[in-house]
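Here are my notes on this model, point by point. Please read them with the structure open.

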Amino acid sequence: MFILKSTSPRRIQILTDLGFSFQVKPANIDEMQIPGEVPLVYLERMVHSKLGDQADKNNLYLAADTIVVFENGILHKPVDVEDAVRILKTLSGKKHSVFSGAGLRFGTKFDFFYEETKILFKDWKEAEIRDYILRCQPFDKAGSYGIQDENGPVLERVGSYTNVMGFPLRSFFALSSVWLPFWKRSITRIS
């Protein structure tokens, strides 16, 4: 059985579009950053924490996390409207990186992988930022935005689109030897 340790609608959609059949069993973890913790260490720790200690040899577990990094600091999910405004003002007209990391666990085998996508934001006025927040409600998104949002803040992207949505798809494909048996099972069940 394939088990996704995330309730992210974007990750669920990506995996569904790929033809996977899976169960969603999210982990309830503390996502607080440790003082002085560098972004990629934090990212890998979050993925490990979400996977937990399960090691059922019949299951494939997948966990993922996404962070927005600006000037070597992480811009987490906003806590409210004013925090979202602050984050989007910080990024307005500037470049930042989006890192999505994921982990696959099958039995005792664990693979961690991640991708980086570079983003340049439009130079937005506060009224445009507030309108975007009102329209798109980006409170469940790192960096307070979604690349898929219509009339969103992204001006340019260098790297993977799905990575910004929350899933390092290219790196996931590179590990097909791990997940392909579970994908075939999903296809067989559908046929």
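1. The model is predicted. Start with P39. Beyond its neighbours within four places in sequence, P39 is in contact with I67, V69, N72 and I74. P39 belongs to helix α2, residues 39–51.

2. Is P39 buried or exposed? Its relative accessible area is 14%. The cut-off for buried is under 20%, so P39 counts as buried. As for P181, 142 residues separate it from P39 in sequence, and the C-alpha to C-alpha separation is 33 Å.

3. Now the charged pairs. Side chains of opposite charge can pair when their charged atoms come close. The count of salt bridges comes to eleven.

4. One of these salt bridges joins R10 and D140, with the closest N and O atoms 3.2 Å apart. R10 sits in helix α1 (residues 9–17) and D140 in the loop between α4 (126–136) and β7 (154–158), so the pair ties together parts 130 residues apart in sequence. R10 is buried at 15% relative accessibility. D140 is partly exposed at 36%.

5. K89 forms a salt bridge with E126; their closest N and O atoms are 2.7 Å apart. This pair links distant parts of the chain, with K89 in helix α3 (residues 81–91) and E126 in helix α4, 37 residues apart. Both are partly exposed: K89 at 42% relative accessibility, E126 at 33%.

6. D111 and K109 form a salt bridge too, with the closest N and O atoms at 3.3 Å. D111 is buried at 15% relative accessibility, whereas K109 is partly exposed at 45%. Elsewhere, salt bridges with shared partners join E82, K89, E126 and R130 into one network.

Conventions:
Residues are numbered from 1 along each chain as its sequence is written. This is a predicted model: local features need pLDDT of at least 70, side-chain atom pairs count only at pLDDT 80 or more; totals for chains, interfaces and linings use all residues. Side-chain values use heavy atoms; hydrogens and water are left out. Helices (H or I, at least four residues) and strands (E, at least two) are DSSP runs, numbered from the N terminus. Buried means under 20% relative accessible area, exposed over 50%, partly exposed in between (1.4 Å probe, protein chains only). Contact means heavy atoms within 4.5 Å. A salt bridge is a side-chain nitrogen of Lys or Arg within 4 Å of a carboxyl oxygen of Asp or Glu.
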